[in-house]
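Subject: Handing over the structure

Hello,

Please find the structure below.

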Amino acid sequence: LRVTGAVAQQAAKAVAGAVRIGANECWTGPFPVAAQAAFRLVQEGNRYEPDNEHQKLFDAVAAVEGIPADRIVAWPGSSDPLSRVAVAYASPTRGIVTADPTYEAIWRTGAWIGAKVTKVPLTKDYAHDVKAMLAADPNAGVYYICSPNNPTGTVTPIADIEWLANNKPRDSILVVDEAYIHWVDGPNAAKMAATRDDVLILRTFSKLFGMAGMRLGLTFASPGLMDKMMRYDGGQVTAMLPMTAVACGTASVGEAGLIKARRAEMNAAREKSVSHLKAKGIKVIPGSQANMFMVDWGRPAKDMQAALLAANVQIGRSWPIWPNVSRVSVGSIAEMEAFNAAIDKVWKA
Ligand code: PLP
């Protein structure tokens, strides 16, 4: 288990001088107004919580998402609550169902607790196959949907997500991981957590908000569900977050104009590289609506990853189900131009 974790982290490690488009980070940091808010809290770093910072974050998020503030909890990123919901609701007798490929953190938690993990291939449109997911394990404890999906960037329709919520066992939990939702110009699943007690929405500030190293994530769920996730430590982790990150997040969420501009710029950078690859006859998995896309090289992905690294471009990994396909994260326009140039250099049809 430890080895797998170390391998996953490898993608985030800097290779000196290389363009870093391997770890689905944002190419730039927090919005300047948010960074300033964080700095103000650095100066008050002697206090665990100088002035109701948690509540200010919950109120700001509630206003944006249209859900009650008492259904929002903040965490140091979204990885911790993702593991916790699996530990709380899956077990050796209640499995976990996910797509394949998808973000695999919950696979590792499942292995740790001895829960059966069932992986169901995506549909031909690269959405989650919700009916096949339920059929594959009708009595699972946790059904995990990642939308947009890491690594394909593809979105699963809200109607399908609702179908799974309405048809799964009542005492199981539907987890909807929306780490990349800020790149989508369309509906999200947040409001499902406003009324239902069996749905958990995960959000993170690590992606579009450029705060991966600052550590801030959110869960939207009923108070009862969240109590169950916090019973191991009495809520200590969520009660004492870095206030710099909390203030930075609060100052970020309402910046609709900045969010839209960052989304538009990165989506344009993505499409430019996708077109560049297609013009060379290289296959790209269609439909990404996030800061990543997958390239099907038709040959081992790890060889292409190494060739591009030799040309100073650090792309992402592949998934066992698709060994010829690499995930590429979207960087700045300049970084994506460097990627396109590296492709020109190393690609031999
Ligand atoms: N969920 C998804 C789908 C991710 O891709 C990631 C990180 O890449 C995470 C959760 C966890 O990120 P963090 O703990 O930084 O919020």
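First, a term for the strand notes: two strands pair if DSSP finds at least two bridges between them. Helices (H or I, at least four residues) and strands (E, at least two) are DSSP runs, numbered from the N terminus.

Two points on the source. Residues are numbered from 1 along each chain as its sequence is written. The model is predicted: local features need pLDDT of at least 70, side-chain atom pairs count only at pLDDT 80 or more, and totals for chains, interfaces and linings use all residues.

The seven-stranded sheet

Seven strands form an open sheet with mixed pairing, in the order β2-β8-β7-β6-β5-β3-β4. The edges are β2 and β4 (117–121). Each has a single partner strand, so one side of each has no neighbour in the sheet. On average, neighbouring strands of this sheet are turned by 25 degrees against each other, direction ignored. For angles, axes are lines fitted to C-alpha atoms, for helices over the stretch in contact, and values run from 0 to 180 degrees between N-to-C directions.

Look at strand β6 (residues 173–177) and strand β7 (residues 199–204). They run parallel and are joined by four bridges. Asp177 has Leu202 in β7 as its bridge partner.

Strand β8 (residues 217–220) pairs with β2 in the antiparallel sense, over four bridges. Val73 has Thr219 in β8 as its bridge partner. In β2 (residues 72–75), Ile72 and Ala74 point one way, and Val73 and Trp75 the other way. All are buried. Buried means that 20 or more other C-beta atoms lie within 10 Å of the residue's own, with C-beta atoms placed from the backbone; 12 or fewer means exposed, and in between is partly exposed.

Helix α3 (residues 53–65) lies across β2 and β8, at about 125 degrees to β2. Helix α5 (residues 105–113) lies across β3 (96–100), β4 and β5, at about 145 degrees to β3.

Why does Tyr143 count as buried? It has 31 C-beta neighbours inside 10 Å. Tyr143 sits in strand β5 (residues 142–146). Leaving out residues up to four places away in sequence, Tyr143 touches Val97, Met133, Leu164, Lys168, Ser172 and Leu174. Contact means that the C-beta atoms of two residues, placed from the backbone, lie within 7 Å.

The three-stranded sheet

Another open sheet has three strands in the order β9-β10-β12, with antiparallel pairing. Its edge strands are β9 (283–284) and β12 (325–329), each pairing on one side only. Strand β10 (residues 292–296) and β12 pair over five bridges. Met292 has Ser329 in β12 as its bridge partner.

Domains

The domain assignment gives domain 1 (2–29 + 256–346) and domain 2 (32–253). Such bounds come from an automatic or database domain assignment. The domain centres, taken over C-alpha atoms, are 24 Å apart. Contacts link 24 residues of domain 1 with 21 residues of domain 2. On the domain 1 side, α12 (256–279) and β10 each supply at least two residues. The largest share, five residues, comes from α12.

The ligand

Which residues are closest to the ligand? They are Gly77, Ser78, Ser79, Thr204 and Ser206, out of 14 that surround it. A residue is near a molecule if its C-beta atom, placed from the backbone, lies within 6 Å of it.

Best wishes
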